[in-house]
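Please keep the sequence and the model in view while reading.

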Amino acid sequence: MRRALELAQQAFGTTSPNPAVGAVLVRDGQVVGEGFTQPAGQAHAEVVAIRQAGELARGATLYVTLEPCCHHGRTPACTQAIIDAQVTEVHFSVVDPNPLVAGKGMAELEKAGIRLVAGEEAEAAKKLNEAYFKFITTGIPFVTAKFAASLDGKIATRTGDTRWITGEAARREAHRLRTTSDSVMVGIGTVQADDPQLTARDSQGHRLPRQPLRIVVDSAGRTPTSSQLLQEPGSVLVAGALIPQERVKALSLAGAQVAQFPDKNGSVDLKALLAYLGQREVTSVLAEGGGALLGSLFDQGLVDKVVAFIAPLIIGGAGATPAVGGLGSATLGEALRLQDVHTEQLGDDIMLVGYPPTAGQKSEQGK
């Protein structure tokens, strides 16, 4: 099953809106077939492994990181492929939360006389597909807040200088996060200050074939039509609130998609934006800042995960830009304390990954 998880990792970021799944077929103690989920519309992991095994799949044991699907979507049901191949035993990590599956795959395999074993490496399998698990059960994308900050929590100096706070290793990891996300989101302040490309690039700086949707949260449509992000391959969405029609036209002519989500204060309704993205089958959002956007996401409880790159720098200055703005917490007791935290050294920098508590967990923390 650990090998199946390794295979699933190879598919991570290429399968959306499907989950990244790995599969290994074993017969007489030997691996006879391996596979991972191909891009949407192509073969699932189980089918790839069965095709590789050929006749050796008969009587074999299948290890797969998610319950096999039993419905005909973009591809035929994996359960039928397993039954047809005469696999005799299936080990899977976790039940697929998709209502079209959710135990039905297990039932079909059991009905065919196939022995089932569930739960091996379940936590690792859930963590790998955390975005899929949220999206398939809520219709809302999984939101990761990512920022690079100094030791005193600044993302820019008082003069607006931002490059570079972190070193090369941390920047490579930040690009890897883009490659595995369906979308990258920034606020208009970041576009105006930094003119970012927001593209996914490999360790050599080359653009990757699959680019995330680039989203600019821009209430009034101030995104310059000369912005680098509008010159790069891939799609751009300008999410506005009260964008004048002439700016809508200008941005559209520059290649952007424009959609408006006004809230009662004339700002972008972020919940409505996320619901819209879910309808477009965007399963994950990497929110890269700036501080105003991240502050709004945190204030509204819309962040599912935090990835913070901390550099051993002291920037100082009351006018320097903080990583997270917004209203924030009135007391330390109300402050958001991350859970399931782990850290990693990247050159001289530290990457900290953690998860905001759920509503129930917040109540427990407050006691």
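## Basis of the report

The model is predicted: local features need pLDDT of at least 70, side-chain atom pairs count only at pLDDT 80 or more, and totals for chains, interfaces and linings use all residues. Residues are numbered from 1 along each chain as its sequence is written, and side-chain values use heavy atoms, with hydrogens and water left out.

Helices (H or I, at least four residues) and strands (E, at least two) are DSSP runs, numbered from the N terminus.

## The sheet

Strands of a sheet pair through backbone hydrogen bonds, either parallel or antiparallel. Here, 9 strands form an open sheet with mixed pairing, in the order E11-E10-E9-E8-E12-E6-E13-E16-E15; two strands pair if DSSP finds at least two bridges between them. Strand E11 (257-260) and strand E15 (339-346) stand at the edges with a single partner strand each, so one side of each has no neighbour in the sheet. On average, neighbouring strands of this sheet are turned by 20° against each other, direction ignored.

Val216 has Val238 in E10 as its bridge partner.

Helix H11 (residues 291-299) lies across E6, E8, E9, E12 and E13, and runs at about 135° to E6. Axes are lines fitted to C-alpha atoms, for helices over the stretch in contact, and angles run from 0 to 180 degrees between N-to-C directions.

## The nonpolar cores

A nonpolar core is a set of buried Ala, Val, Leu, Ile, Met, Phe, Trp, Tyr and Cys residues joined through side-chain atoms within 4.5 Å. The largest has 30 residues, and Met185, Leu270, Leu273, Leu277 and Leu297 have the most contacts inside it. Two or more residues come from each of E6, E9, E10, H10, E12, H11 and E13. A second, separate core of 26 residues includes Leu5, Leu66, Ala85 and Ala125.

Residues in contact have heavy atoms within 4.5 Å. Beyond four places in sequence, Met185 touches several residues, including Ile215, Leu273, Leu277 and Leu293.

## Two loop residues

Are Asn129 and Lys264 buried or exposed? Buried means under 20% relative accessible area, exposed over 50%, and partly exposed in between (1.4 Å probe, protein chains only). Asn129, in the loop between helix H5 (122-128) and helix H6 (130-138), counts as buried because its relative accessibility is 6%. Leaving aside neighbours within four places in sequence, Asn129 is in contact with Pro19 and Ala20.

Lys264, in the loop between E11 and helix H10 (270-279), counts as exposed because its relative accessibility is 82%.
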